[in-house]
Each structure stands twice: as C-alpha cells, then as structure tokens.
Amino acid sequence: MLIVKAAPGARPEPEAQTRVVVRLMQYLKDDGSIRKSGVTAILDAVDECMKLARKSDVTTIVPIATSAIREAPNGPKILTEIKHHIGMDVTVLSGADEARLTFLAARRWYGWDAGRLLVLDIGGGSLEAAGGGNEDPDIAISVPAGAGRITHEFLPDGTSDAKNLERVHRKVAQIVDPLAKAFTDTTRPNHVVATSKTFRSLARLAGTKVKTVGNAESWHLKRSQLEDWIPRLAAIDPDQRVALPGITPERTLQIVGGAVAADEAMKALDVDEVEICPWALREGVILHWLDQHGRASFDW
C-alpha cells in the first residue's frame with residue numbers, strides 16, 4: 001500500500017506506505033491455484049494495508065492485482081473475497097498492462113531527452129519488458145520469469161551447485177526467448193533501465209552507485225557484475241544472505257532466481273548495463289489514474 005499526495009502535473013509525493021510480503025508462489029498447487037492458507041495470507045495482507053488507508057483518510061484507492069492472481073484458476077473467487085474486505089473491485093492487470101504502466105513511470109522519471117527507452121521489471125511471478133520512444137511503448141511483453149516463480153520451479157531451497165545452476169540458466173533462457181523475438185535491431189534503445197526491488201537489490205549487491213544531478217544518486221548494474229555474483233550467491237545459505245548489501249530479509253530465498261532471470265533477460269535483449277529507475281508499477285498506476293481521472297478542463 002503506497003499512499004501519495006498526487007495532483008495532475010505534480011510529482012506524486014509519498015506520504016506513507018506499508019508492505020506485507022506474502023510470496024504467493026509458495027502457496028501454489030500443481031494446477032496453479034492458490035491454497036487456502038495462501039488465500040488467508042492474502043486477505044490478512046489486504047486488511048493490514050487497509051488499516052493504513054483508513055488511518056491516512058485517503059480519498060481514492062486504486063487496488064490492482066498482477067500475475068499470481070491473474071493466472072490462478074481460483075483467482076476470480078479470491079478477488080471476490082478481497083472485494084468483500086475492501087468494498088470495491090480490484091483491477092487485474094494483464095502482463096502487457098504491467099509492462100506499459102511501468103514504462104510510463106520510467107518515461108516520466110527520465111523525460112523525453114532519454115530517447116528510446118527499454119524498461120525491464122521483475123516481479124514475483126512474471127518479468128516485463130517494454131520499449132519505445134513515447135509514453136506508450138511500441139512493444140510491451142510479459143514472460144513467466146518472476147523471481148518467485150523461478151525459485152519455486154527450479155531453486156526450491158534458494159541454493160544451487162554449479163551444474164544445476166547451468167540447467168536453471170538454460171531453462172530460464174527458454175522462458176525469456178520471446179523477448180529476443182519481440183525486440184530486434186530496429187528497436188535498439190538509447191537508454192536501458194530496470195525497476196523493481198529485485199533489480200534494486202542486485203544493483204546494490206553487485207552494481208555501482210553513480211552521482212547524478214544535484215545530490216541524487218543512481219545505481220547501475222552491468223551484466224558482467226551480475227554474472228560474477230550469481231554462482232557465489234547461489235552457494236550462500238539464504239539465511240546468511242541478509243548480511244550482504246542490498247539483500248533484505250524478504251528477498252534472501254528468491255534473490256538467486258531473480259538474478260538468473262535478470263541475467264537471461266539482459267542476454268536475450270543484448271543489454272550490457274541497466275540503470276535502476278526509482279519509479280515502477282505503482283507509480284505508473286498513479287500517473288495513469290491522474291491522466292485518466294485527475295485532469296480538470298482548461299479554460300482557453
């Protein structure tokens with residue numbers, strides 16, 4: 001739950017936020033549906049977020065759901081239960097919608113001078129990529145290569161030896177292959193950026209901090225830096241990874257899966273380096289809502 005003070009034409013200013021880590025991938029049945037214990041975890045998280053919303057006296061709530069609920073056979077039933085808890089419908093974003101909204105956030109952050117952007121985003125269940133020269137990307141694609149999903153399917157204990165890690169890389173490379181087919185030499189970007197906590201954690205672990213305008217700082221992550229860290233990271237027990245820079249407690253288990261997804265996506269797109277964008281999907285949702293509902297009519 002992110003609460004912002006937002007107005008058309010103004011920068012959305014965060015006022016409060018809370019987060020409950022659920023890790024839905026650990027609750028999936030073989031058919032992709034979410035177990036009862038997982039539904040309970042979702043509803044508990046929703047209730048916790050709504051406490052902050054009520055305390056903050058927000059005027060508008062824009063609830064969204066992404067890949068895990070979108071793809072679950074019992075997703076519609078779960079959405080009905082969430083509606084009972086919050087009193088309103090939840091918008092279920094498609095993978096392409098996730099990519100477009102994240103791209104909008106990055107475009108607004110970097111501005112028109114950034115030229116043609118390529119934006120990568122790793123979530124729990126899916127990985128999104130979008131590219132273009134305007135606010136609405138020319139290409140927006142989603143593949144099932146989220147950090148949680150890769151961990152659940154190929155790295156259940158979060159660790160791996162060198163031989164198994166090679167196998168995981170091959171499997172993930174097949175999953176992200178549609179990226180290479182969607183983006184060709186004619187769509188090469190002027191600037192490549194990445195969003196999400198997975199990329200941010202990896203950049204703080206393996207990347208470089210770069211000074212930008214004023215007192216701001218930006219993190220950059222090279223593929224060579226990432227590939228140097230992946231086998232070392234895979235050999236460390238998840239409980240011990242919290243001592244590493246950038247690795248928060250909720251990311252210790254799935255950081256290797258996220259790193260492999262990031263590496264293979266960068267390979268597929270022939271990307272050597274990404275810059276970490278502070279804005280991502282949530283900011284994109286806010287900006288889109290303001291564009292659609294927050295504009296007052298102009299008196300010319």
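## The β5–β6 hairpin

In this predicted model, strands β5 and β6 form a hairpin, with four residues between them. β5 spans residues 117–122 and β6 residues 127–132; the two pair in the antiparallel sense over six bridges.

## Burial of β5

How many of the residues of β5 are buried? Six of its six residues are buried, so the strand is described as mostly covered by a cut-off of under 20% relative accessible area. In a regular strand the side chains alternate between the two faces of the sheet. In β5 both faces are covered: L117, V119 and D121 are buried on one side, and L118, L120 and I122 are buried on the other.

## The seven-stranded sheet

β5 belongs to an open sheet of seven strands with mixed pairing, in the order β7-β6-β5-β8-β11-β10-β9. The edges are taken by β7 (139–143) and β9 (208–211); each has a single partner strand, so one side of each is left without a neighbour in the sheet. Direction ignored, neighbouring strands of this sheet are turned by 25° against each other on average.

A second hairpin joins β6 to β7 through six residues. The two strands run antiparallel and are joined by five bridges. Among the bridge partners are E128 with S142 of β7, and A129 with I141 of β7.

Which face of β7 is covered, and which is uncovered? I139, I141 and V143 make up the covered face, whereas A140 and S142 make up the uncovered one.

α8 is mostly covered, with seven of its 10 residues buried. The buried residues are T198, F199, S201, L202, A203, L205 and A206.

Helix α9 (residues 223–234) lies across β9 and β10 and runs at about 70° to β10. Within the residue range of α9, R232 lies over the face of W229, at 4.2 Å from the ring centre. As for pairs between aromatic rings, the count comes to one.

## Nonpolar cores

The largest nonpolar core has 47 residues, of which L179, F199 and V274 touch the most other members. Helix α10 (residues 255–268) supplies the largest share of this core, eight residues. F199 is also one of the buried residues of α8.

What does V274 touch, leaving aside residues up to four places away in sequence? The contacts of V274 are L120, V192, V193, A194, F199, W219, H220, L221 and M266. A second, separate core has 23 residues, including I42, V46, M50 and I86.

## Positive phi in two loops

Most residues other than glycine have a negative phi. R23 has a positive phi, near 55°, and is not a glycine. R23 is placed in the loop between β2 (13–17) and α1 (36–56). D57 likewise has a positive phi of about 55° although it is not a glycine. D57 is found in the loop between α1 and β3 (64–65).

Are R23 and D57 exposed or partly exposed? R23 counts as partly exposed because its relative accessibility is 28%, while D57, at 65%, counts as exposed.

Terms used. Residues are numbered from 1 along each chain as its sequence is written. This is a predicted model: local features need pLDDT of at least 70, side-chain atom pairs count only at pLDDT 80 or more; totals for chains, interfaces and linings use all residues. Side-chain values use heavy atoms; hydrogens and water are left out. Rings of Phe, Tyr and Trp (its six-membered ring) pair if their centres lie within 6.5 Å; planes under 30 degrees apart count as stacked, over 60 as edge-to-face and the rest as tilted. A charge sits over a ring if NZ of Lys or CZ of Arg is within 6 Å of the ring centre and within 35 degrees of the ring normal. Buried means under 20% relative accessible area, exposed over 50%, partly exposed in between (1.4 Å probe, protein chains only). Two strands pair if DSSP finds at least two bridges between them. Axes are lines fitted to C-alpha atoms, for helices over the stretch in contact, and angles run from 0 to 180 degrees between N-to-C directions. Contact means heavy atoms within 4.5 Å. A nonpolar core is a set of buried Ala, Val, Leu, Ile, Met, Phe, Trp, Tyr and Cys residues joined through side-chain atoms within 4.5 Å.
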